[in-house]
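This briefing is for a reader who is new to the structure shown below.

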Amino acid sequence: MTPATGPSSASPSTSARTSPASPPAMTLNQLRAFLAAARLGTFSAAATELRTTQPSVSELVKRMEDHYGVPLFTRRPRRLVLTAAGEELVPYAQRATEAADGADQALRSLTSLDGGVATFGLLRNADYYFLSELLENFHARHPKVRLRIVGLNSVEVAEAVSAGDLEAGLVVLPIDAEGLDVTPLLRDEVVYTSADPGRTARPVTMADLARAKLILYDAHYGWRDPTRRQLAERAQVEGVTLSAVIEVEHVESALHIVSRGAGDTLVSRAVARSRAFPENLHTVSLAEPLYDTIAVVRRQGSILSPATREITRLARRMLLTH
């Protein structure tokens with residue numbers, strides 16, 4: 001009678017299939033050791049390049065040879081010579097180590113100023129606050145960092161930062177700040193501007209503004225613009241209505257129209273002090289002085305990349321020192 005067959009009689013091949021998974025066939029360290037030895041011809045030279053010991057390099061290569069059961073080198077007295085298997089491995093080892101080095105460099109660029117991208121939003125009239133110099137100074141200090149600088153009205157800068165499209169930006173307050181960290185940096189007075197010196201002989205009241213022929217800019221954003229929002233809130237309290245006879249997109253266009261006597265406008269002191277400000281225009285404060293507050297915004301809880309953190313620091317310093 002033939003004896004019964006039990007679990008103990010399983011074939012060797014079945015046992016091999018159910019054995020624990022073997023360790024990885026090769027590591028980056030093994031591939032680096034192999035490539036250095038192939039290029040330099042000895043384990044000792046490879047060890048010097050890799051800043052390790054000759055037995056360590058030899059052992060790294062031997063583990064691969066033992067795992068696959070093929071020699072990668074023919075060991076000659078003075079030099080290592082690649083076998084057919086070694087020649088086959090070289091291009092794959094090169095691609096693997098190059099890919100790892102590229103990944104390492106990409107991640108390091110995010111935690112240093114040796115690469116990466118700074119994404120930052122600037123208020124529309126940034127040039128009047130010397131912020132164009134910001135980009136030149138940053139690029140001169142960190143030429144490997146790419147800059148993505150978006151010049152928008154403060155409304156869109158705040159929305160882009162809140163949505164994660166920009167890491168941070170400069171805005172004029174007030175804005176809808178839900179979900180944002182807001183750090184005020186600078187106050188700049190908003191002044192009434194006219195070509196007629198008689199209309200700037202005394203501080204201007206809200207009633208004066210309601211009667212004036214106003215030439216306003218930032219037409220796309222209208223009364224959502226932060227400066228206009230402040231004016232509208234004051235007008236509501238005073239029980240008057242403000243409206244523009246002409247709306248244009250850029251402050252330069254508004255100033256050109258005002259300089260020709262078609263109406264009056266309101267601009268910040270930074271604009272009024274600039275070289276672009278027409279010589280025939282006059283300015284005066286409002287009866288209740290009005291200020292643009294410039295602030296830096298970022299998403300609450302966000303961690304800025306080193307590049308954006310640095311450009312934010314430079315922007316803050318530039319605003320506070322001019």
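Strand 6 and strand 9 run antiparallel and are joined by four bridges; two strands count as paired if DSSP finds at least two bridges between them. This is a predicted model, in which local features need pLDDT of at least 70 and side-chain atom pairs count only at pLDDT 80 or more, while totals for chains, interfaces and linings use all residues. Residues are numbered from 1 along each chain as its sequence is written, and side-chain values use heavy atoms, with hydrogens and water left out.

**Chain overview**

- The chain has twelve helices and eleven strands; helices (H or I, at least four residues) and strands (E, at least two) are DSSP runs, numbered from the N terminus.
- Of the 322 residues in the chain, 41% are buried, where buried means under 20% relative accessible area, exposed over 50% and partly exposed in between, with a 1.4 Å probe and protein chains only.
- Among contacts with a separation of 6 or more, 75% are between residues 24 or more positions apart; a contact means heavy atoms within 4.5 Å.

**Strands**

- Thr193 has Thr265, in strand 9, as its bridge partner.
- Strand 9 is covered on both faces, with Thr265 and Val267 buried on one side and Leu266 and Ser268 buried on the other.
- Strand 3 (residues 117-123) and strand 4 (residues 146-152) run parallel and are joined by seven bridges.
- Between strand 3 and strand 4 the chain passes through helix 6, and this β-α-β crossover is right-handed; that is, with the strands pointing away from the viewer, the path from the first strand over the helix to the second runs clockwise.
- Gly121 stands opposite Val150 of strand 4.

**Cavity**

- The structure holds one cavity of 30 Å³ or more; on a 1 Å grid over the protein atoms alone, a cavity is a set of points where a 1.4 Å probe fits but cannot get out, a pocket is an open set with protein on both sides within 12 Å along at least five of seven lines, and lining residues have an atom within 4 Å of a point.
- The largest cavity contains about 310 Å³ of space; grid points are joined across faces, edges and corners, and a volume is the space filled by probe spheres set on the points.
- The largest cavity is lined by 21 residues, and Asn125, Tyr217, Asp218, Asp225 and Thr227 are the closest to its centre.
- Helix 9 (226-238) and strand 9 (265-268) are the elements that give two or more residues to this lining, and helix 9 gives the most, with four.
- Eleven nonpolar, five polar and five charged residues make up the lining of the largest cavity; Ala, Val, Leu, Ile, Met, Phe, Trp, Tyr, Cys and Pro count as nonpolar, Asp, Glu, Lys and Arg as charged, and the others, Gly among them, as polar.

**Pockets**

- The largest pocket holds about 270 Å³ of space.
- Its lining has 15 residues, with Tyr128, Tyr129, Phe130, Ala270 and Arg273 nearest the centre.
- Helix 6 (132-141), strand 6 (180-194) and helix 12 (306-321) each supply at least two residues of that lining, and strand 6 gives the most, with three.
- Seven nonpolar, three polar and five charged residues line the largest pocket.
- The second largest pocket has a volume of about 220 Å³.
- Thirteen residues line the second largest pocket, and Tyr192, Arg199, Asp208, Ala212 and Asp264 lie nearest its centre.

**Helix 5**

- Ala100 lies in helix 5 (residues 84-109).
- Leaving out residues up to four places away in sequence, Ala100 touches Leu28 and Arg32.
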